[in-house]
Amino acid sequence: MAKITRKPAPRKASVPKKKAKATVAKPKAPAKKSLKATKPWTPAEIHEVFSRFRKANPEPKGELEHVNPFTLLVAVVLSAQATDAGVNKATRALFEIADTPQKMLDLGEERLREYIKTIGLYRTKARNVIALSAKVLSDFGGEVPRTRAEIESLPGAGRKTANVVLNMAFGEHTMAVDTHVFRVGNRTGLAPGKTPLDVELGLEKVIPGEFMLHAHHWLILHGRYTCLARKPRCEVCLINDLCRWPEKTV
């Protein structure tokens, strides 16, 4: 029987392996300049800032209209996420007929809503105002309390509300931090902070006591009319030579 021979199968040509692409490290973006890394304000500079504010406006006033501590409390509660001008427009007629906790309760939530319906979140705010009026009567004898903790215990009132009432109604040296004060504290480098409380405590630490009664008004007005969020008016700023903001335009 003939011997069968098999030819070996041809070997497959080896395919060279692809070389791994060399990874090129992307250059790191330059770190954003932190206000905390800027040169700290000196006590002399801070005194100069508030001296200028005082000279330009010796007796600054809050822009929320009110007739007594109770109406101030109500106005501040209503001003959350609303403008002072919008609140004033609604409360002028309201405070003519309801300027005490008892009168506000007598008015009632439904009628109160009609007075403040042009203000954002007016339904929730009307409910809070009626509830805080009842609590002021039941827990505090009809008088607005004079401690931060007690004011914060009222429906709709937080730390900023308490600070405004304590300062404007009772002359306490408090620092109410709204969006304007928060921006000025961070932008100028006076009191950098991630939260309103950080900025509040930072400002209280550095502002001399002789200026504290009016300090929050000066800072609010400065942020509202000069140190604007989108287009700050650095060219007319009273403190542009001292401000630490790296993007100021003068």
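Modeller: Happy to! Let's begin with helix α8, which covers residues 159-170: its twelve residues reach 16 Å from first C-alpha to last, close to the 16 Å expected at 1.5 Å a residue. The expected span is 1.5 Å times one less than the number of residues. Helices here are DSSP runs of H or I with at least four residues, numbered from the N terminus. This is a predicted model, where local features need pLDDT of at least 70 and side-chain atom pairs count only at pLDDT 80 or more, while totals for chains, interfaces and linings use all residues. Residues are numbered from 1 along each chain as its sequence is written, and side-chain values use heavy atoms, with hydrogens and water left out.

Within α8, the buried residues are T161, A162, N163, V164, V165, L166, N167 and F170; buried means under 20% relative accessible area, exposed over 50%, and partly exposed in between, with a 1.4 Å probe and protein chains only. They pack against α2 (69-78), α7 (148-152), α10 (196-206) and α11 (212-225). Just after the helix comes G171, with a positive phi of about 70 degrees.

One of those partners, α2, leads us onward. In α2 sits T71, which is buried at a relative accessible area of 0%. Apart from its neighbours within four places in sequence, T71 is in contact (heavy atoms within 4.5 Å) with H66, F95, A98 and D99. F95 is 24 residues from T71 in sequence, yet their C-alpha atoms are 7.0 Å apart in space.

α2 also packs with helix α6 (residues 122-140), at an angle of about 150 degrees and with the axes 10 Å apart. That makes the two helices roughly antiparallel, the term for angles over 145 degrees. The axes are lines fitted to C-alpha atoms over the stretch in contact, and angles run from 0 to 180 degrees between N-to-C directions. On the α2 side F70, L73, V74, V77 and L78 take part, meeting K125, V129, L132 and S133 of α6. By type, the residues of this contact are seven nonpolar, one polar and one charged; Ala, Val, Leu, Ile, Met, Phe, Trp, Tyr, Cys and Pro count as nonpolar, Asp, Glu, Lys and Arg as charged, and the others, Gly among them, as polar.

Finally, S79 lies in the loop between α2 and α3 (84-97). S79 is buried, with a relative accessible area of 7%, and it touches L64, D84, V87 and K125, not counting residues up to four places away in sequence.

Technical notes. Parallel < 35°, antiparallel > 145°, perpendicular 65-115°, else oblique.
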